[in-house]
Amino acid sequence: MMLPAPIRKGLTRLAATRPGAKVYKAVLPPLDAAVKRATDGRRTFTELVLPTLVLVSVGRKTGLERRQPLVHQPVADGWAVVGSNWGQEHHPAWTNNLLANPEAQVEIGGRTVPVRARLAEGAERDAIYGRFEKLSPNYREYKDWSGGREIRVFVLERR
């Protein structure tokens with residue numbers, strides 16, 4: 001279930017502004033967690049606006065399970081996700097976790113799927129990122145705001 005298109009469009013346009021991104025960064029993670037708890041792990045708030053999965057990985061420093069709702073795009077045998085980090089100048093922690101330990105899980109559509117993450121590079125990376133830019137205008141902005149860092153793109157392949 002998704003929100004009506006005009007509402008989704010307005011929310012994604014807001015995320016493409018610096019103030020909007022700042023508010024979303026603060027509000028969405030706890031809101032996603034609350035909705036996930038209320039639905040026994042079946043839903044997040046973000047998926048009302050954009051296609052979302054929950055990445056379950058292992059913290060590279062702590063060894064603890066980490067759960068991160070992420071917007072995704074389908075790829076041949078899995079999903080692609082991007083480490084935009086709301087356009088901040090540093091990579092999000094979950095990307096470092098995947099680089100250290102690529103074995104992870106994806107929670108999507110009420111099921112859990114084991115995956116292996118790999119960093120997309122070159123033309124593959126650019127093509128996937130282009131799909132995210134078409135999905136939502138905020139991804140174009142995040143590239144500009146990120147201070148020149150190359151935003152990481154991962155392919156999560158089913159194991």
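Colleague: In which sense do strand β6 (residues 111-119) and β7 pair, and over how many bridges?

Modeller: Strand β6 and β7 pair in the antiparallel sense, over 5 bridges. Please keep in mind that this is a predicted model. To follow the pairing by eye, find L119, which stands opposite F154 in β7.

Colleague: Which other strand pairs with β7 (residues 153-158) over 5 bridges?

Modeller: That is β4 (residues 78-82), and this pairing is also antiparallel. Here G78 stands opposite E157 in β7.

Colleague: How should I read the sheet as a whole, and what is the order of its strands?

Modeller: The 7 strands form an open sheet in the order β2-β1-β5-β6-β7-β4-β3, with antiparallel pairing. β2 and β3 (73-75) are the edge strands; each has a single partner strand, so one side of each has no neighbour in the sheet. From one strand to the next, the twist averages 35°.

Colleague: What packs on the sheet, and which strands does it touch?

Modeller: Helix α4 packs on the sheet and touches β2, β3, β4, β6 and β7. The direction of α4 makes about 145° with that of β3.

Colleague: May we look at β1 and β2 in detail? How many bridges join β1 to β2?

Modeller: There are 7 bridges between β1 and β2, which run antiparallel. V58 stands opposite E65 in β2, and L53 stands opposite L70 in β2. The two strands form a hairpin with 6 residues between them. In the turn, G63 has a positive phi of about 75°.

Colleague: Let us turn to the helices. At what angle do α1 and α2 pack?

Modeller: Helix α1 (residues 5-15) and helix α2 (residues 18-38) pack at about 100°, and their axes are 6 Å apart. Angles of 65 to 115 degrees count as roughly perpendicular, and this angle therefore makes α1 roughly perpendicular to α2.

Colleague: Which residues meet there?

Modeller: From α1 come L11, L14 and A15, which meet G20, A21 and Y24 in α2. By class, this contact has 5 nonpolar residues, 1 polar residue and no charged residues.

Colleague: How do the axes of α4 and α5 cross?

Modeller: The axes of helix α4 (residues 122-135) and helix α5 (residues 138-145) cross at roughly 120° and come within 6 Å. The two helices are therefore oblique to each other. On the α4 side, the contact is made by Y129, F132, E133 and K134; on the α5 side, by Y139, R140, Y142 and K143. The residues of this contact divide into 4 nonpolar, no polar and 4 charged.

Colleague: How does one find empty space in a structure?

Modeller: A probe the size of a water molecule is rolled over the atoms, and this shows where empty space is left. In this structure the largest pocket has a volume of about 790 Å³. It is lined by 34 residues, of which L28, D32, Q68, P69 and W86 are the closest to its centre.

Colleague: Which element gives the most to the lining of the largest pocket?

Modeller: α2 gives the most, with 9 residues. At least two residues of the lining are supplied by each of α1, α2, β1 (52-58), β2 (65-71) and α5. By class, the lining has 20 nonpolar, 9 polar and 5 charged residues.

Conventions: Residues numbered from 1 in each chain as written. Predicted model: local features only at pLDDT ≥ 70, side-chain atom pairs only at ≥ 80, totals over all residues. Heavy atoms only, no water. Axes fitted to C-alpha atoms, helices over the stretch in contact; angles between N-to-C directions. Helix = DSSP H or I, 4+ residues; strand = E, 2+ residues; numbered from the N terminus. Parallel < 35°, antiparallel > 145°, perpendicular 65-115°, else oblique. Contact = heavy atoms within 4.5 Å. Nonpolar A, V, L, I, M, F, W, Y, C, P; charged D, E, K, R; others polar. Pairing = 2+ DSSP bridges. 1 Å grid on protein atoms, 1.4 Å probe; cavity = no way out; pocket = protein on both sides within 12 Å on 5 of 7 lines; lining within 4 Å. Points joined across faces, edges and corners; volume = space filled by probe spheres on them.
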